[in-house]
Amino acid sequence: MTAADLDLPPLVRERPSRWERCGLSPRQERWFDVVALALIVLFVSGWGYSINAASPGSGAAPATFTPFSSRIAASPIAPDAPPVAAFLIDRMVEEVAREIAPLRGESGDVRVVLQQPGETLTLPALPDTVPEGTELSLRSAEGMGPAPPSDSPGAAAAPGVWNVVLQLRDAVRTVSDLNIITLVPLSERKGGRIGRYLVGTWPTERGRPNPRYEVPRGLVRVTPENRHLPVSEHLQLGDFLTKGQVNVWPKYVALSPRLLDKLELTFQELERSGHPVEDVFVISGFRTPIYNATGGSTAGRGTLSRHMYGDAADVAIDNDGNGRMDDLNGDGRVTVADARLIAEAAQRVEGRFPTLIGGIGIYPPTSAHAGFVHIDTRGYRARWGAW
């Protein structure tokens with residue numbers, strides 16, 4: 001049976017519309033290939049020309065162009081070499097920082113090294129893998145520029161704060177947040193003052209020298225600009241300033257990195273025992289001899305107080321920032337028991353690090369303060385207060 005037997009109209013194959021057709025005809029494909037090849041050749045030619053035109057001397061004849069392959073193979077420290085890759089200099093900074101790590105003390109949280117003017121800080125030897133021309137040096141953290149030329153790259157002649165920097169041609173990076181502080185020698189003191197700042201005279205300067213009470217080698221100069229300089233993870237330079245002489249600048253401080261190390265180890269010990277340390281209130285840091293003898297309330301101060309020698313601090317944990325000891329043991333009150341927790345942590349530190357042995361005193365709350373702990377590194381064991 002056929003369509004004619006059923007009286008049906010014959011089938012008609014309709015031509016699809018232009019929107020239903022897809023693909024290209026053979027002729028169109030040939031034209032597309034020709035145009036695409038021309039565009040690729042044009043792009044590659046322009047790209048190569050731009051790279052060569054960027055080389056020094058590109059304004060001269062084409063013969064002075066630097067081939068791209070030559071630029072890739074060029075020495076990275078040549079005068080006309082491209083900028084040092086960031087990853088390369090950063091990797092070197094990491095390697096040097098690991099070499100400097102012992103200067104951060106047992107805690108790893110000390111951020112200062114003290115030295116006398118002209119004294120040489122032993123900087124680590126650079127690994128053999130670093131490119132030729134890489135240098136370690138000191139650069140001022142106070143805007144004074146590089147350290148003056150010296151036979152040793154670790155010598156800073158002028159008092160101030162210095163950073164260890166690594167330089168490879170035009171790339172300069174600070175190695176770490178470790179600050180090198182060059183002290184102001186006590187020979188600068190005239191009539192008990194350095195400049196306008198009254199320091200006074202240490203008791204042992206007037207009598208027979210005592211190795212346990214050796215006069216500080218020098219003092220750190222403190223300015224309004226550097227008073228917030230971190231000297232350890234939780235402490236700043238200004239935390240150790242003597243009270244008084246409010247409008248006299250610069251001020252001067254005796255400071256001991258060993259004390260900073262012991263304090264930071266104590267804070268770490270507190271945190272390990274479940275007592276977070278976010279903020280530390282320093283009730284008293286360095287005391288000038290004149291202030292120790294005459295300033296404020298002198299009750300309970302020793303004539304040979306360790307505070308005059310820069311290796312003692314009275315501290316309280318003050319995470320809420322109200323200037324008073326926190327309730328560390330969680331009993332809802334601030335009592336001597338909170339100060340005792342700090343003292344016990346410091347005592348455990350002395351057990352682990354005998355070289356940091358010294359005095360630990362517990363002071364209960366009074367009308368003037370909410371209690372604190374005295375910690376020092378005098379070199380022999382001493383205990384007092386509300387143990």
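1. The chain exposes about 21,700 Å², of which carbon and sulfur atoms supply 56%; accessible areas here come from the Shrake-Rupley method with a 1.4 Å probe, and for residues only the protein chains shown count as cover. The model is predicted, so that local features need pLDDT of at least 70 and side-chain atom pairs count only at pLDDT 80 or more, while totals for chains, interfaces and linings use all residues. Residues are numbered from 1 along each chain as its sequence is written, and side-chain values use heavy atoms, with hydrogens and water left out.

2. Buried residues make up 41% of the 387 residues in the chain, where buried means under 20% relative accessible area, exposed means over 50%, and partly exposed lies in between (1.4 Å probe, protein chains only). Among contacts between residues at least 6 apart in sequence, 64% join residues at least 24 apart, a contact being heavy atoms within 4.5 Å.

3. Six helices and 14 strands are assigned in the chain; these are DSSP runs numbered from the N terminus, with helices being H or I over at least four residues and strands being E over at least two. An open sheet of five strands has the order β10-β11-β13-β12-β14, with mixed pairing, and two strands are taken to pair if DSSP finds at least two bridges between them. Because β10 (280-284) and β14 (382-385) stand at the edges and have a single partner strand each, one side of each is left without a neighbour in the sheet. Neighbouring strands of this sheet are turned by 25° against each other on average, direction ignored; axes are lines fitted to C-alpha atoms, for helices over the stretch in contact, and angles run from 0 to 180 degrees between N-to-C directions.

4. Strands β3 (residues 160-168) and β4 (residues 171-182) run antiparallel and are joined by eight bridges, with Gln-167 standing opposite Val-172 in β4.

5. Helix α4 (residues 257-272) has 16 residues and reaches 22 Å from its first C-alpha to its last, close to the 22 Å expected at 1.5 Å a residue; the expected span is 1.5 Å times one less than the number of residues. This helix is mostly covered, twelve of its 16 residues being buried, among them Leu-259, Asp-261, Lys-262, Glu-264, Phe-267 and Leu-270. What covers the buried residues of α4 includes β1, β10, β11, α6, β12 and β13. After α4 comes Gly-274, whose phi is positive, near 95°.

6. The structure holds 15 salt bridges, each being a side-chain nitrogen of Lys or Arg within 4 Å of a carboxyl oxygen of Asp or Glu. One of them joins Arg-217 to Glu-119, with the closest N and O atoms 3.7 Å apart, and this pair links distant parts of the chain, since Arg-217 lies in the loop between β7 (197-198) and β8 (218-222) and Glu-119 in the loop between β1 and β2, 98 residues apart. Arg-217 counts as partly exposed because its relative accessibility is 44%, and Glu-119 counts as partly exposed at 31%.

7. Arg-306 forms a salt bridge with Asp-311, the closest N and O atoms being 2.9 Å apart; Arg-306 counts as buried at 9% relative accessibility, and Asp-311 is buried with a relative accessible area of 8%.

8. Arg-383 forms a salt bridge with Glu-350, the closest N and O atoms being 2.6 Å apart. This pair also links distant parts of the chain, with Arg-383 in strand β14 and Glu-350 in helix α6, 33 residues apart, and Glu-350 is buried, with a relative accessible area of 8%. Elsewhere, salt bridges that share partners join Arg-104, Arg-111, Asp-177 and Glu-233 into one network.
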